[in-house]
Amino acid sequence: MRIVFLGPPGAGKGTQSVRLAKQLGIAHLSTGEMLRAARVRRTDLGLLVADYLDNGQLVPDQMVLDIVADRTALEDCKPGCIFDGFPRTIAQAESLDRLLAERHTPLDLVIELVIDQGELLKRLMKRGRGDDNMATIQQRLQSYENQTAPLVKYYSERCLLNSVNAAGSAEDVYNAIVAAVEAVK
Ligand code: AMP
């Protein structure tokens, strides 16, 4: 299975998608984690993306598309994978569709985690990751609204979208996600 997790920063994409990937026995791919790892290793890509990460801005599409194309070609993605935090723009979504079509492995499901801004801010301020300060958080929420939220319509039109209320307990949210997965199996 190939599943995309969509939702603003702080909605719980990481926690929920890691758990689901384990349960389904498929790979968990977080572009945010890959970019942060490249940065820590000070690779060419890492140096190029550092400022974007610090400012809470989206990294240029082509850089993310390159790492996703490489990563999805690895053996552990054969049984399927979860895309956590990718795609984040319409251009990325279109490229992902093309890539998966070439490989005859289309998306099965897009799970949107829905939550209001007030709850997000509370969660993000508690999390304490390097890029979790007020200015960056606001920029990331803005990037989500402007560049990523249009994907809700994009995937809804392709009949792939399943929206889950992410305001409940982690357990309740997970159960709703599992129900959405069962429905497309
Ligand atoms: P995340 O861990 O998913 O919250 O991502 C952290 C940061 O990595 C984001 O604020 C962006 O700067 C960058 N990033 C992660 N995924 C993408 C993506 N698909 N497209 C562009 N930038 C991304």
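Residues are numbered from 1 along each chain as its sequence is written, and side-chain values use heavy atoms, with hydrogens and water left out. Because the model is predicted, local features need pLDDT of at least 70 and side-chain atom pairs count only at pLDDT 80 or more, while totals for chains, interfaces and linings use all residues.

The model contains an open sheet of five strands in the order β2-β3-β1-β4-β5, with parallel pairing. Helices (H or I, at least four residues) and strands (E, at least two) are DSSP runs numbered from the N terminus, and two strands pair if DSSP finds at least two bridges between them. The edges of the sheet are formed by β2 (27–30) and β5, each of which has a single partner strand, so one side of each is left without a neighbour in the sheet. On average, neighbouring strands of this sheet are turned by 20° against each other, direction ignored. Axes for such angles are lines fitted to C-alpha atoms, for helices over the stretch in contact, and angles run from 0 to 180 degrees between N-to-C directions.

Strand β1 (residues 2–6) is parallel to β4, with four bridges between them; in this pairing L6 stands opposite E112 of β4. Strand β1 is also joined to β3 by four bridges, again in the parallel sense, and R2 has C81 of β3 as its bridge partner. Helix α1 packs on the sheet, where it touches β1, β2, β3 and β4, and its direction makes about 165° with that of β1. Contact here means heavy atoms within 4.5 Å.

Strand β4 (residues 109–114) is mostly covered, five of its six residues being buried. The term buried denotes under 20% relative accessible area, exposed over 50%, and partly exposed the range in between (1.4 Å probe, protein chains only). Five bridges connect β4 with strand β5 (residues 161–165), and the two run parallel; V164 in β5 is the bridge partner of L113.

Within helix α1 (residues 13–24) lies S17, which counts as buried because its relative accessible area is 0%. The side chains of S17 and D84 are joined by a polar contact of 3.3 Å. A polar contact is a pair of N or O atoms within 3.5 Å; within protein, one must be able to donate a hydrogen and the other to accept it, and residues adjacent in sequence count only if both atoms are side-chain atoms. Leaving aside residues up to four places away in sequence, S17 touches F5, H28, I82 and D84.

Residue L65 belongs to helix α4 (residues 61–72) and counts as buried because its relative accessibility is 13%. Not counting residues up to four places away in sequence, L65 is in contact with F86, Q92 and S95. F86 is in turn joined to P87 by a cis peptide bond, with omega of about -5°. P87 is found in the loop between β3 (81–84) and α5 (90–102).

Helix α7 (residues 134–148) packs with helix α8 (residues 150–157) at an angle of about 40°, and their axes are 6 Å apart. The two helices are therefore oblique to each other; angles under 35 degrees count as roughly parallel, over 145 as roughly antiparallel, 65 to 115 as roughly perpendicular and the rest as oblique. Residues E145, N146, Q147 and T148 of α7 meet P150, L151 and V152 of α8. By class, this contact has three nonpolar, three polar and one charged residues. Ala, Val, Leu, Ile, Met, Phe, Trp, Tyr, Cys and Pro count as nonpolar, Asp, Glu, Lys and Arg as charged, and the others, Gly among them, as polar. T148 of α7 is itself buried, with a relative accessible area of 3%. Not counting residues up to four places away in sequence, T148 touches L6, L58, P87, R88 and S143.

Most residues other than glycine have a negative phi, and most peptide bonds are trans. H104, although not a glycine, has a positive phi of about 55°; H104 lies in the loop between α5 and β4 and counts as exposed at 70% relative accessibility. C159, likewise not a glycine, has a positive phi of about 60°. C159 is found in the loop between α8 and β5 and counts as exposed at 72% relative accessibility.
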